[in-house]
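Student: I would like a close look at one part of this structure, the sheet. Please take me through how it is put together and what surrounds it.

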Amino acid sequence: ATPTALLVGTGRGAQLGILIRGAAALESARRIDTVVFDKTGTLTTGRMRVTGVHPADGVRREELLRAAAAVENYAEHPIAQAIVIADGQRNAAGLPTVERFQATPGRGALGMVDGALVVVGNARHLADAGVGVVEPHAVTDTVVHVARDGRLLGWISVNDGLRDTAVPAVTRLRALGLRPVLLTGDTPAAAGAVAEQLGPIEVIAGVSPEAKAATIRELRADGRAVAMIGDGVNDAAALAEADLGITMATGSDIAIEAGDVTLVRADAGTVDLTATVDALTLARATLRTIK
Ligand code: ADP
Ligand code: MG
């Protein structure tokens, strides 16, 4: 391989808003046949808003929201901010102090609020804290369960929209003969609602960050050359496991460090997912030049 062609490739990438970390990344990108997308913050905007508040019997709506907002005020997930905002006019500074706060990527958060343990997150996270929950039926938004001292206070639904560039990116990948996969820690119902808007795509839902990495390993063991694109701390292990890890300039630092390529190109003020397609196409073209 001529160093010149590789330099031209990475230089052209920079022009396209694609930062490629080294020649090895270009070589990997050329062979990719499967592109795995994280859902929240990657295919979707990550700009969450609360769509519903559902207190359990005997619980006041304000009580549910306040408990959740107190803990989420300490968390960094996009869901957290949406819940703090939905708590109302009271600003974040007015929320109670949380002791022993702990966030678990891909699951949720918890902490002591006014002497009581408040747990916020998905069903798995509540189960880890010893609280059994039944997933509400046919809800395609992301469901956040809330418990206090082992008792369910209810659930809050949140949602964000697809990125404008998600459908074009997935469509163009398919046209190139690449296989798109949606991989998410969210519920199958929420994942299905997103997949429906994207056209044919394999869906793997309800997976922990460790299971995301294991899924990438399994695909590779099946002989597939896998690119993974993700934005979050919860994607870092999977990004490192992929033949090619693609991250977004707006993603978490931990994810960016785990990746080989970073997308910096913007469309209407947000990362342009079609840069993924350009990255793979560019790698193929560059390596052809070298031959
Ligand atoms: P994705 O894999 O789609 O990017 P994440 O791994 O970030 O999603 O999150 C997976 C799930 O974990 C979310 O859908 C949510 O149910 C739960 N979760 C993670 N962090 C929080 C939080 N701070 N508050 C509530 N729920 C959370
Ligand atoms: Mg994400």
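Tutor: Let us start from a single pair of residues. Valine 98 has valine 113, in S5, as its bridge partner. Keep in mind that this is a predicted model. The strands S4 and S5 pair in the antiparallel sense, and 5 bridges join them.

The whole sheet comes next. The sheet is open and has 6 strands, in the order S3-S8-S7-S6-S5-S4, and the pairing is antiparallel. At its edges are strand S3 (49-55) and strand S4 (98-104), each of which pairs on one side only. On average, neighbouring strands are turned by 15° against each other, with direction ignored. As a general point, the strands of a sheet pair through backbone hydrogen bonds, either parallel or antiparallel.

Two helices pack on this sheet. Helix H4 (residues 61-72) touches S3, S4, S5, S6, S7 and strand S8 (151-159), and its direction makes about 105° with that of S5. H5 touches S3, S7 and S8, and the direction of H5 makes about 65° with that of S3.

Now for the ligand. The shell around ligand 1 takes at least two residues from each of several elements, among them helix H5 (78-86), strand S5 (108-113), strand S6 (116-121) and strand S7 (142-148). Helix H3 (39-43) also belongs to that group, and H3 gives the most to the shell, with 3 residues. There are 23 residues around ligand 1, and those that come nearest are Lys39, Thr40, His77, Asn122 and Gly185. By class, the shell holds 6 nonpolar, 12 polar and 5 charged residues.

The chain is divided into domain 1 (3-46 + 161-290) and domain 2 (49-159). Ligand 1 lies between the two domains, because both give residues to the shell around it. The centres of domain 1 and domain 2, taken over C-alpha atoms, are separated by 30 Å. In the contact between them, 12 residues come from domain 1 and 10 residues from domain 2. On the side of domain 1 that touches domain 2, helix H8 (residues 188-198) gives the most, with 3 residues. That side of domain 1 has 5 nonpolar, 6 polar and 1 charged residues.

Glycine 132 is in the loop between helix H6 (123-128) and S7. Glycine 132 counts as exposed because it has 10 C-beta neighbours inside 10 Å, and a residue with 12 or fewer is classed that way. Glycine 132 and glutamate 63 are 69 residues apart along the chain, and their C-alpha atoms are separated by 20 Å.

Key:
Residues are numbered from 1 along each chain as its sequence is written. Chains are lettered from A and ligands numbered from 1 in the order in which they are written. This is a predicted model: local features need pLDDT of at least 70, side-chain atom pairs count only at pLDDT 80 or more; totals for chains, interfaces and linings use all residues. A residue is near a molecule or strand if its C-beta atom, placed from the backbone, lies within 6 Å of it. Helices (H or I, at least four residues) and strands (E, at least two) are DSSP runs, numbered from the N terminus. Ala, Val, Leu, Ile, Met, Phe, Trp, Tyr, Cys and Pro count as nonpolar, Asp, Glu, Lys and Arg as charged, and the others, Gly among them, as polar. Domain bounds come from an automatic or database domain assignment. A residue is buried if 20 or more other C-beta atoms lie within 10 Å of its own, exposed if 12 or fewer, and partly exposed in between; C-beta atoms are placed from the backbone. Two strands pair if DSSP finds at least two bridges between them. Axes are lines fitted to C-alpha atoms, for helices over the stretch in contact, and angles run from 0 to 180 degrees between N-to-C directions. Two residues are in contact if their C-beta atoms, placed from the backbone, lie within 7 Å.
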